[in-house]
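User: Hi! I am new to reading protein models. Could you walk me through this one?
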Amino acid sequence: MYKFSFIYKTTNLINGKFYIGQHTTSNIDDNYLGSGCSILKAIRKYGKQNFKREILEFCEKQDLVEREEFWIK
């Protein structure tokens, strides 16, 4: 099964704070917003409906860490 690997930005639509992360999936529309402690806490506080994920860049799986660091900087 084909996998998509990408760098994404999840934005809190209430306060504008955002999270940069990496994700690999076979379903591009899986509604994944992130799994870090900070983003999960914010999702619990504000509700999933108040977050938006944007794909910043598709890349090879072996390049995810490097590209995530690039976007964070």
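User: Does F6 count as buried or exposed?

Analyst: Burial is judged by relative accessible area: buried means under 20%, exposed over 50%, and partly exposed in between, with a 1.4 Å probe and protein chains only. F6 has 0% relative accessibility, so F6 counts as buried. Before we go on, this is a predicted model, where local features need pLDDT of at least 70, side-chain atom pairs count only at pLDDT 80 or more, and totals for chains, interfaces and linings use all residues. Residues are numbered from 1 along each chain as its sequence is written, and side-chain values use heavy atoms, with hydrogens and water left out.

User: In which order do the strands of the sheet lie?

Analyst: In general, strands of a sheet pair through backbone hydrogen bonds, either parallel or antiparallel. Strands (E, at least two residues) and helices (H or I, at least four) are DSSP runs numbered from the N terminus, and two strands pair if DSSP finds at least two bridges between them. Here, three strands make an open, antiparallel sheet in the order β2-β1-β3. β2 (18-25) and β3 (51-58) are at the edges with a single partner strand each, so one side of each has no neighbour in the sheet.

User: Why is β1 described as largely enclosed?

Analyst: Seven of its nine residues are buried, so the rest of the structure largely encloses β1.

User: Which helices lie across the strands?

Analyst: For angles, axes are lines fitted to C-alpha atoms, for helices over the stretch in contact (heavy atoms within 4.5 Å), and the angles run from 0 to 180 degrees between N-to-C directions. Helix α1 (residues 37-46) lies across β1, β2 and β3, at about 145° to β3. Helix α2 (residues 64-72) also lies across β1, β2 and β3, at about 160° to β2.

User: How many aromatic pairs are found in the whole structure?

Analyst: A pair of aromatic rings is described by the distance of the centres and the angle of the planes. Rings of Phe, Tyr and Trp (its six-membered ring) pair if their centres lie within 6.5 Å; planes under 30 degrees apart are stacked, over 60 edge-to-face, and the rest tilted. The search finds six such pairs. In one of them, F6 and Y8 have ring centres 6.4 Å apart and planes at 75°, so this pair is edge-to-face. Y8 and Y19 form a tilted pair, 6.2 Å centre to centre with 40° between the planes. Y8 is buried at 1% relative accessible area, whereas Y19 is partly exposed at 24%. Ring pairs link F4, F6, Y8, Y19, Y32 and F58 into a cluster.
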